[in-house]
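Hi,

Here is the structure I promised to pass on to you. My notes on its pockets and on one helix pair follow below it.

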Amino acid sequence: MSVRAAQPKDLWTETPLIYSSHISDTIGCSAYLKLENLQPSQSFKYRGISKFAQKCKEKHGPSVHLMIASSGNAGLAAAVAARALRVKCTVFLPIDVSTDTQQALQKKGADIVRIGEIYSQTLAALRDAVKKDINGVLVPSYDSPVLWDGHSSMVTEMQRQLPRQPDAIFCSVGGGGLIGGIMQGCKNVGWDEVPVVALETSGSNCFYNAIAINTQNFTSKVPTIPSTEVEDSSPYTIEVVDEHNVAIPYMKALKSRAASLGATSPAPGVVRMAVDRAGGIKCACVPDEMAMHTARLFGNDHKMLVELACSTTLTPGYNREFLLHILGPAFSALSLEERKEKCLVFVVCGGVKISFEDMKEFEDIVAAEQVESYWRVQIDGEEIQVPK
C-alpha cells in the first residue's frame, strides 16, 4: 500500500459539540460549544491548513516545503500537518513571538525564522523566501478558498450534532479564515439565513472596519465602495480590491493583547461573502479586559484554558445584556420561556497562546478595571455600555 493510499482523507478531528449548562443558565438560551480547541494543533486552523498541506503534497510530491507566516496558531497547524504528511515546514514569525510559541513549533519539527515587527512584514519576508526555494509553497494563514472549505467542515459536523438549526453562530475574527469557513459551511448545509456574529477586540478589528466602510457604517444592505481618502487620524488606510469589488482597510497599528486576532487587513473574498450573505453578519467589538474576564469565567466553569482570541467569542455568553443587544429587539422581546427554546452555538476556536501565568495577569488587569461598572462595546456601528 502506498503512503498516499494509507493517509486518511482528512487529517483533522471531528470535534465534540457540547451543551453548556453554565452559559445556558447565564443567558437563558440553549448554548452549545463547538470545541475546536481539541484539534491536533489545538485550534480550528488545523482543518483548512491541513487540507491545503495535503493538496500541496499531492501536487508537488514529498519534497514539497511548506512555508507559512504566522504569529503562532496557523504555524502550529502547518507544523502538525507537515509532520503527519512527512514533509518539511518552515514558519516565519514576528520577532516578538513568545519563547513558548517558538518551542512549541520546534517540538513539532518545524524550522522557524523570526523577522518583522508585525504580521504584514513577516508575510512580506516569507514571500521573498518562497521565491528563492525551488520546493517552497506559501501556505496561507487565512486568505484562501481551500482553507475556508476545510474550515467549513465544522458546520457540516454541527448539522449532525445539533438537535435543530441554530438561531445564531458566534465566532471570533482576525483575518477572516474562520468566519469564511462558517459562511461557506452554512451555505453548504442550507443555513444561509442563520445569523453569524463576528466578534473582535477593539484594538484589533480590521474585519469590523471592513464591513463598516463597505456598508456606509452598517446602514446599507447594498454594498457601496467608499472613497479611499481618509483623514490622517484614521486608524487605517483604504484600498479597493477590484477582484472582489470591496474596499479593504489596512490597520496602521494593532493595540490588542489578543495576538491571534492581529491581522492588519481581512481577506477580501471573505468581506465580499459577508456583505452579500442573505442572513447577514452581526459585528461586535469588546475591550481586551472583557475578553480577559470571560477567559477566567470560562476556565472556572469548563476547566479549559482559552486564549483571548477564543474568549472574545464567548463574551456574549457571559453577559446577557451584550447578547440581547447583539441579537436585536425581536430577540429581546421574547418571553423567558421562548428564549429557552433558542439554540446558540459558540465556536471555541482554540489557540495555544495562554498559560496559568497569563490567567493570573488577567485577574490583576481586570481587578484594576473595576472602577467602572460597565464595559464599552461596539455593535454594528453603535457604541454602548453593558453592565459588568
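**Pockets and a helix pair**

The largest pocket holds about 1,100 Å³ of space; please keep in mind that this is a predicted model. Lining that pocket are 49 residues, and Ser-71, Ala-258, Ala-259, Ser-260 and Lys-353 are the closest to its centre. Two or more lining residues come from each of α4 (73–85), α5 (99–107), α9 (177–189), α13 (308–314) and α17 (356–368). Sorted by class, the lining of the largest pocket has 22 nonpolar, 19 polar and eight charged residues.

The second largest pocket has about 410 Å³ of space. It is lined by 20 residues, with Leu-123, Arg-127, Tyr-142, Asp-143 and Ser-265 nearest its centre. Here α6 (119–131), β6 (136–139) and β10 (246–251) each give two or more residues to the lining, and α6 gives the most, with six. The classes in this second lining are 14 nonpolar, four polar and two charged.

The crossing of α3 with α4 is right-handed. On the α3 side, the residues in contact include Tyr-46, Ile-49 and Ala-53, and on the α4 side they include Ala-77, Val-80 and Leu-85. The contact of α3 with α4 comprises 10 nonpolar, three polar and two charged residues.

Best wishes

Notes:
Residues numbered from 1 in each chain as written. Predicted model: local features only at pLDDT ≥ 70, side-chain atom pairs only at ≥ 80, totals over all residues. Heavy atoms only, no water. 1 Å grid on protein atoms, 1.4 Å probe; cavity = no way out; pocket = protein on both sides within 12 Å on 5 of 7 lines; lining within 4 Å. Points joined across faces, edges and corners; volume = space filled by probe spheres on them. Helix = DSSP H or I, 4+ residues; strand = E, 2+ residues; numbered from the N terminus. Nonpolar A, V, L, I, M, F, W, Y, C, P; charged D, E, K, R; others polar. Left-handed = near helix turned anticlockwise from the far one by under 90°. Contact = heavy atoms within 4.5 Å.
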